[in-house]
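Here are my notes on the charged side-chain pairs, as promised. Have the model open while you read.

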Amino acid sequence: MLCGARASTGGLCAGCREDLPWLPALNCPVCAIPTSTSDICGRCLKRPPRFDAVSAGFLYAFPVDKLIARLKFANTLAVSGILGREMRAVLAQQARPDFVLPVPLSKERLRERGFNQATEIARVIAMELSVPLAIGVCERQWHTAPQMGQPLAQRRANLRNAFRCETRLEGAHIAVVDDVMTSGATLDEMARTLKRAGASRVTGWIVARTPERPTS
C-alpha cells in the first residue's frame with residue numbers, strides 16, 4: 001500500500017511496517033499524549049477528561065497521516081483493514097469492552113463522504129478482537145465545523161451537546177474508535193454523552209495521536 005512492493009499479508013511489507021511511527025511507550029495513561037514519563041500529564045491532572053483512558057497505535061505522522069488521508073479523502077477503503085489489523089497488537093492486552101462504538105459522522109458529512117472512516121476501522125478491530133460492534137447507539141445531532149486548526153476552546157464549543165444516545169448503557173464499558181485524536185474534545189464529549197446514558201467506563205481506541213495539543 002505504501003511502497004508498491006509485494007506484501008505477504010496485511011497490505012504492508014515488512015520494511016514499511018517497521019518504519020511506521022508507533023506511539024512511544026512513554027505516554028499519558030489517560031490521554032496518550034507522548035511524555036517523558038508514564039505519569040498522568042499535567043493537563044489531565046488539571047482538568048480530568050470525562051473519558052477514562054486512551055490506547056493509541058501511532059503518532060499522527062508520515063506515513064500514517066497519508067494512509068488516513070487516503071482512506072478519508074480518496075475512498076481507499078483497504079486502508080481501514082490495514083490500520084484496524086495493526087491496532088490489534090496495541091489493544092490485545094487491553095481489558096475487553098462490552099462493545100466498540102465508532103465516533104459517528106453527521107448526516108451531511110456521511111452523504112458527502114459516503115462512509116464513516118471510524119466505522120470501517122471499528123469493523124476490523126471488532127472482528128480481530130472478537131468484540132461486539134455497536135453502530136447507531138450514538139448519533140451526531142448536527143453538522144459541526146471541521147476541528148482541525150481550531151483552538152481548544154472553539155473545538156469544545158463546536159461539540160457541546162453534539163451527540164445523542166437514547167439507548168440505556170447501564171454499567172457498560174465502551175471503547176470509542178476514531179482515526180485521529182488531537183485535543184481529545186470529540187472523545188470527551190462522546191464520553192459525557194455515553195456516561196449520561198449509564199456507561200461506567202469509556203475508553204478511546206485511537207489509530208493516531210497527534211504529538212501536541214492545541215494550547216488555547
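The points below go through the salt bridges.

1. Ground rules: this is a predicted model, where local features need pLDDT of at least 70, side-chain atom pairs count only at pLDDT 80 or more, and totals for chains, interfaces and linings use all residues. Residues are numbered from 1 along each chain as its sequence is written, and side-chain values use heavy atoms, with hydrogens and water left out.

2. Searching the whole structure turns up eleven salt bridges (a side-chain nitrogen of Lys or Arg within 4 Å of a carboxyl oxygen of Asp or Glu). One of them joins Asp52 and Lys195, at 3.0 Å from N to O. Asp52 sits in the loop between helix H2 (42–46) and strand E1 (53–59), while Lys195 is in helix H8 (residues 185–196), 143 residues apart. (Helices, H or I with at least four residues, and strands, E with at least two, are DSSP runs numbered from the N terminus.)

3. Asp52 is partly exposed at 29% relative accessibility, and Lys195 is partly exposed too, at 28%. For the cut-offs, buried is under 20% relative accessible area, exposed is over 50% and partly exposed is in between (1.4 Å probe, protein chains only).

4. Lys72 and Asp179 pair up at 3.3 Å, N to O. Lys72 is in helix H3 (residues 64–73) and Asp179 in strand E5 (residues 173–181), so this bridge ties together parts 107 residues apart in sequence. Asp179 is buried, at 3%.

5. Then there's Glu112 with Arg109, whose closest N and O atoms are 3.5 Å apart. Both are in helix H5 (residues 107–113), three residues apart, which means about one helical turn between them. Glu112 is exposed at 59%, whereas Arg109 is buried at 16%.

6. Finally, a network of salt bridges links Glu139, Arg164 and Glu166.
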